[in-house]
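This briefing concerns strand pairing and a covalent link in one protein structure. Please consult the sequence and the model shown below while reading the points that follow.

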Amino acid sequence: LVALAACGETPAPQRGPAVISAPPPPEALPDCDEIANALGELVAGLEVVDPAGTRQDTADAFSLSCAWRRADDGAALGAIVIVDQQPLTEADMRRAGLYVDDPRVAALGGFIAYPEGRLDGAEILGPVGPQVIVGPVTVTLAANARGAVADVTLTQAVDGAVAVHRLMR
């Protein structure tokens, strides 16, 4: 690329899941209220556990975790946003057998990582949710499949994660 730039030619921009964009800074992460707004009906009737969420920062990544619950029926749903300095790639996930292609996520330039690389959208969301990976940002939803969240599907979890990704754009 340097040689082409020196010759006055501009290389064509690349697009798609193979292209990793620069990670957003920690202050660019949405807060739990913003995430709740993006998740909409998924958290309707649930109370946020900690409005500030839980933030973690390491040399390689930073994250925000938010959780919502409903005391009367034991329902709990969580969302985590991770920004990784060395993000998982499509090639990594294909080699590991975790890659899932999904048009909603592909439209953002990303993919899904999920056990066995198989995602049945009608399946109920449990403690291991689909990881929606777009460049350096991973958004994952998980639930305990009780009470108000007993019927949340993997399709809804992916839709929610996509909404959180769109919130960050």
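In this predicted model, strands S3 and S4 (residues 75-84) run antiparallel and are joined by 10 bridges. Strand S3 (residues 61-70) also pairs with strand S1 (residues 47-48) and with strand S2 (residues 54-57).

**Pairing of S3 with S4**
- Within this pair, Trp-68 has Leu-77 in S4 as its bridge partner.
- The hairpin of S3 and S4 has four residues between the strands, and Gly-74 in this hairpin takes a positive phi near 80°.

- Strand S1 runs antiparallel to S3, and two bridges join them.
- Val-48 has Trp-68 in S3 as its bridge partner; Trp-68 is also the bridge partner of Leu-77 in S4.
- Strand S2 is likewise antiparallel to S3, with four bridges between the two strands.
- Opposite Gln-56 stands Ser-63 in S3.

**The disulfide**
- A disulfide is a covalent bond between the sulfur atoms of two cysteines.
- One disulfide is found in a search of the whole structure.
- This disulfide is formed by Cys-32 and Cys-66, whose sulfur atoms are 2.0 Å apart.
- The link of Cys-32 and Cys-66 is left-handed, with -90° about the S-S bond.
- Cys-32 and Cys-66 are both buried.

Definitions and conventions: Residues numbered from 1 in each chain as written. Predicted model: local features only at pLDDT ≥ 70, side-chain atom pairs only at ≥ 80, totals over all residues. Heavy atoms only, no water. Pairing = 2+ DSSP bridges. Disulfide = S-S within 2.5 Å. Buried < 20%, exposed > 50% of the residue type's maximum accessible area, 1.4 Å probe, protein only.
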